Amino acid sequence: MPRGAFTAVLALCAGITIAFLAVPIVALFTEVPLRDVPGLLKEPEVQDALKVTIRTNAIANALILVFGTPTAWLIARRQFLGRALLVTLVELPLVLPPAVAGIGLLAAVGAGGLFGGQLRDAGIVLPFTEWAVVLAVTFVASPFYIRQAISSFESVDPALTDAARTLGAGPGRTFWRVGLPLAAGGLLAGWVLAFARGVGEFGATIIFAGSVRGETQTLTLGIYEVLDSGFDQAVAIGILLVVLSATVLLSYKLILSWRTSTSTSPSAFARTS
């Protein structure tokens, strides 16, 4: 194939790809006059959904970071029997249909579930509560962080951690003073992925937590709720989520650019410059 023809094919494929990805986003911003968006977002049902989204994702992300980071460090820095199986278990929610995740959570902690009886006896009810949203978000989003964190910790030069241990640093100090700083860029990338996945969660949440306004209805569930009765409102929520996602992604890229000279962590996204 002549060079010019090949270049034309590449340009055509790139143009189709970019148009396919860009047109739905552009359509959101043209469907409703932008001056009307703030007013639509001030509607009580949207404000309730926003508050539930913020609360539940804040708690879910805290749980993911607190429990996921040590888990990733253990898997990355230790070789043990069953490690491959454990990594597969961590990755499994990435490919599970969200509805299956919701059914699985119900089967585990629902009224008639595996641990439902014990929880009921203890006076703990999880399904169709705000904590159900937290658990659903944590279940579907945590693998995005943990998998990236494992890769980031694996990329830390073992000679540096060995040197720290030789100089008298214990395992905990080595983790805090060597492992975490060197893997910070990759951990941030994993958190961005987990955050975005959590904010956009729908399937597991609607099955395990339902869609109760002010309690379990998040922004994505709010779009579904108002889609028939208020399409403009659904578009306004969509615009809000697009802006939020773009802000998080751009913030990550800025932080990454500041850390480029010192970070050894792999990046989950292409650099913009």
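User: What is the volume of the second largest pocket?
Analyst: A pocket is an open set of 1 Å grid points, over the protein atoms alone, with protein on both sides within 12 Å along at least five of seven lines. Points join across faces, edges and corners, and volume is the space filled by probe spheres (1.4 Å) set on them. For the second largest pocket it is about 260 Å³.

User: On what kind of model does this rest, and with which pLDDT limits?
Analyst: Residues are numbered from 1 along each chain as written, and side-chain values use heavy atoms, without hydrogens or water. The model is predicted; totals for chains, interfaces and linings use all residues, local features need pLDDT of at least 70, and side-chain atom pairs need pLDDT 80 or more.

User: Is T69 buried or exposed?
Analyst: T69 sits in helix α3. Its relative accessible area is 9%. Buried means under 20% and exposed over 50% (1.4 Å probe, protein chains only), so T69 is buried.

User: With which side chain does the T69 side chain make a polar contact?
Analyst: Such a contact pairs N or O atoms within 3.5 Å, one able to donate a hydrogen and the other to accept it; residues adjacent in sequence count only if both atoms are side-chain atoms. At 2.6 Å, the partner is Y145.

Definitions and conventions:
1 Å grid on protein atoms, 1.4 Å probe; cavity = no way out; pocket = protein on both sides within 12 Å on 5 of 7 lines; lining within 4 Å. Helix = DSSP H or I, 4+ residues; strand = E, 2+ residues; numbered from the N terminus.
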